[in-house]
Amino acid sequence: MYKKLSIILLFMVASSASMFAQEQKGSALVKGTILNQSNTEPINDVQITIPDLKLLTSTDGLGAFSFNHVTYGAHIVIISSPGIKADTIKVVVNKNLVDL
């Protein structure tokens with residue numbers, strides 16, 4: 001039986017200079033931290049996937065993760081771990097740094 005564990009994703013987009021249309025084809029750093037909603041403790045070894053880009057990483061001991069060279073556009077991010085119900089979020093990458 002899986003425990004349902006709510007996950008907090010802090011979504012902050014770093015400010016950057018105005019972008020031109022040709023910059024929309026660039027890539028960005030996407031990073032974030034996975035926290036236990038009930039006690040705000042970081043959760044390690046959580047699998048983070050961006051399936052359409054075939055990217056996969058896991059959170060470290062501080063619950064942090066990052067992806068380099070994520071192409072601009074909308075992407076689905078899947079957050080999963082044994083014993084935790086998987087969560088899916090949509091992320092729009094339109095700046096050089098996206099901090100979730």
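Trainee: Is T49 buried or exposed?
Mentor: This is a predicted model, in which local features need pLDDT of at least 70 and side-chain atom pairs count only at pLDDT 80 or more, while totals for chains, interfaces and linings use all residues. Residues are numbered from 1 along each chain as its sequence is written, and side-chain values use heavy atoms, without hydrogens and water. Buried means under 20% relative accessible area, exposed over 50%, and partly exposed in between, with a 1.4 Å probe and protein chains only. The relative accessible area of T49 is 17%, so T49 is buried.

Trainee: Which strand holds T49?
Mentor: Strands are DSSP runs of E with at least two residues, helices are runs of H or I with at least four residues, and both are numbered from the N terminus. Strand β4 covers residues 47-50. T49 lies in β4.

Trainee: Which residues does T49 touch, leaving out those up to four places away in sequence?
Mentor: A contact means heavy atoms within 4.5 Å. By that rule, T49 touches L55, L56, F67, I76, V77 and I78.

Trainee: Which residue takes a positive phi in the hairpin of β4 and β5?
Mentor: The hairpin has 4 residues between the strands. The phi in question is near 55 degrees, and the residue is K54.

Trainee: What is the bridge partner of I48 in β7?
Mentor: Strand β7, residues 73-81, runs antiparallel to β4, and 3 bridges join them. In β7, the partner of I48 is I79.

Trainee: Which strands stand at the edges of the sheet?
Mentor: The open sheet has 4 strands in the order β5-β4-β7-β8, with antiparallel pairing. Each edge strand has a single partner, so one side of each is left without a neighbour in the sheet. The edge strands are β5 (55-58) and β8 (84-93).

Trainee: How many helices and strands does the protein chain have?
Mentor: From the N terminus on, the elements run β-β-β-β-β-β-β-β-β. The count is 0 helices and 9 strands.

Trainee: What share of the residues in the protein chain is buried?
Mentor: The protein chain has 100 residues. The buried share of them is 29%.

Notes. Two strands pair if DSSP finds at least two bridges between them.
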